[in-house]
Amino acid sequence: MAVGNLEFIKSASATSATSISVTDCFTSDYDVYAITLNNITNSSGSPSQLSLRFIDNADNPITNAQYDTAVLNPRSDSSFVEYRNTNQTDSEFFGQVDFPPESTSALLYIFNPKSTSSYTFFTVQTSSAVSAVLYGFKGIGVLTETTEVTGIQFLGHTTHTFDTGKISVYGLASN
């Protein structure tokens with residue numbers, strides 16, 4: 001194991017699906033993980049909201065209404081917007097996914113996903129373009145239950161499919 005560095009664990013690619021999951025990527029080897037989303041697109045002709053759900057140790061998405069998030073959304077066409085959501089069935093502050101050449105990319109940090117004695121926290125920074133408008137998202141979130149989390153799922157709030165893009169998971173080794 002590398003010390004003080006990111007260590008690649010696993011990746012998944014979008015392949016015309018309504019969700020993208022990376023299972024069995026969180027282990028007891030790390031307390032902190034970095035996840036990158038690169039150039040996620042859909043070709044449906046209309047934008048789709050991108051959301052996050054964690055996956056439990058039985059490979060089921062956690063859909064209990066226990067996701068809390070807060071986000072700041074700077075936009076190129078208007079002033080900043082703040083969002084706060086509590087007790088949701090997913091965390092939907094990743095912006096919208098549009099058709100190529102516009103796309104969404106993000107960097108997330110996940111904290112303590114394997115712990116059954118503390119909540120799973122996360123931070124996110126996202127950039128996206130939808131209909132020539134540039135969006136940024138910077139937020140924090142928490143799954144307010146002490147479930148053992150072993151994976152992560154990204155999904156759209158519509159039946160649109162994600163056609164391109166890649167998700168990569170890295171463990172952050174401590175010094």
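## Salt bridges

At 65% relative accessibility, Arg84 counts as exposed (exposed means over 50% relative accessible area, buried under 20%, partly exposed in between, with a 1.4 Å probe and protein chains only). Its partner in a salt bridge is Glu82, with N and O 2.8 Å apart. A salt bridge here is a side-chain nitrogen of Lys or Arg within 4 Å of a carboxyl oxygen of Asp or Glu. Glu82 is also exposed, at a relative accessible area of 51%. Side chains of opposite charge can pair when their charged atoms come close.

The structure holds 3 salt bridges. In another of them, Glu148 pairs with Lys114, and the closest N and O atoms are 2.4 Å apart. Glu148 sits in the loop between β10 (133-143) and β11 (149-156), and Lys114 in the loop between β8 (104-111) and β9 (120-130), so this pair ties together parts that are 34 residues apart in sequence. Glu148 is partly exposed, with a relative accessible area of 22%, and Lys114 is partly exposed at 25%.

Arg53 forms a salt bridge with Asp90, with 3.9 Å between the closest N and O atoms. Arg53 belongs to strand β4 (residues 48-56) and Asp90 to the loop between β6 (81-88) and β7 (96-97), so the bridge joins parts 37 residues apart in sequence. Arg53 and Asp90 are both buried.

## Model and overall fold

This is a predicted model, in which local features need pLDDT of at least 70 and side-chain atom pairs count only at pLDDT 80 or more, while totals for chains, interfaces and linings use all residues. Residues are numbered from 1 along each chain as its sequence is written, and side-chain values use heavy atoms, with hydrogens and water left out.

The protein has 0 helices and 12 strands. Both kinds of element are DSSP runs numbered from the N terminus: helices are H or I with at least four residues, strands are E with at least two. Buried residues make up 46% of the 175 residues. The protein exposes about 8100 Å², of which carbon and sulfur atoms supply 49%; these areas come from the Shrake-Rupley method with a 1.4 Å probe, and for residues only the protein chains shown count as cover.

Of the contacts between residues at least 6 apart in sequence, 74% join residues at least 24 apart. Contact means heavy atoms within 4.5 Å.

## Nonpolar cores

The largest nonpolar core has 29 residues, and Phe26, Ile35 and Phe54 touch the most other members. Such a core is a set of buried Ala, Val, Leu, Ile, Met, Phe, Trp, Tyr and Cys residues joined through side-chain atoms within 4.5 Å. Strands β2 (19-22), β3 (32-41), β4, β8, β9, β11 and β12 (164-172) each supply at least two residues of this core. The largest share, 4 residues, comes from β3.

Leaving aside neighbours within four places in sequence, Phe26 is in contact with residues including Tyr33, Ile35, Phe54, Ile110, Lys114, Val149, Ile152 and Val169. A second, separate core of 5 residues includes Val71, Val130, Val133 and Tyr135.

## Ser127 in strand β9

Ser127 is found in strand β9 and is partly exposed, at 43% relative accessibility. Its C-alpha atom is separated by 5.8 Å from that of Thr104, which is 23 residues away along the chain. Beyond its neighbours within four places in sequence, Ser127 is in contact with Ser103, Thr104, Ser105 and Tyr135.
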